Amino acid sequence: MIWKLCLYPIGIQTFSEIREKNYLYIDKTEYVYRMTHFAKYVFLSRPRRFGKSLLTSTLHSYFSGRKDLFQGLAMERLEKEWIE
């Protein structure tokens with residue numbers, strides 16, 4: 001039996017830090033792709049401590065062209081035109 005150590009990103013709200021330090025990340029980048037390519041208007045209303053900062057950090061990394069952070073995630077296969 002092989003055990004893999006999972007590091008939980010408790011208190012970390014920066015997408016780049018989570019990805020660069022190999023913390024556990026539940027891939028929701030497909031939703032980010034859909035939101036940025038198919039939605040005309042988006043209203044982000046979520047409760048406290050529900051990932052708003054992480055979502056905006058993910059959007060920032062995406063629009064900054066940080067393709068390296070999205071390796072192995074849904075965004076890597078969906079986005080064809082990365083602008084750096």
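Is Asp68 buried, partly exposed or exposed? Asp68 has a relative accessibility of 46% and counts as partly exposed, where buried means under 20% relative accessible area, exposed over 50% and partly exposed in between, with a 1.4 Å probe and protein chains only. The model is predicted: local features need pLDDT of at least 70, side-chain atom pairs count only at pLDDT 80 or more, and totals for chains, interfaces and linings use all residues. Residues are numbered from 1 along each chain as its sequence is written, and side-chain values use heavy atoms, with hydrogens and water left out.

The structure contains five salt bridges, each defined as a side-chain nitrogen of Lys or Arg within 4 Å of a carboxyl oxygen of Asp or Glu. One of them joins Asp68 to Arg66, at 3.3 Å from N to O. Salt bridges with shared partners connect Glu20, Arg66 and Asp68 in one network.

Helices here are DSSP runs of H or I with at least four residues, numbered from the N terminus. Arg66 is partly exposed at 29% relative accessible area, whereas Glu20 is exposed at 52%.

Another salt bridge is formed by Glu30 and Arg77, whose closest N and O atoms are 4.0 Å apart. Glu30 sits in helix H2 (residues 29–38) and Arg77 in helix H4, so this pair ties together parts 47 residues apart in sequence. Glu30 is partly exposed, at 32% relative accessibility, and Arg77 is exposed, at 51%.

Technical notes. Helices (H or I, at least four residues) and strands (E, at least two) are DSSP runs, numbered from the N terminus.
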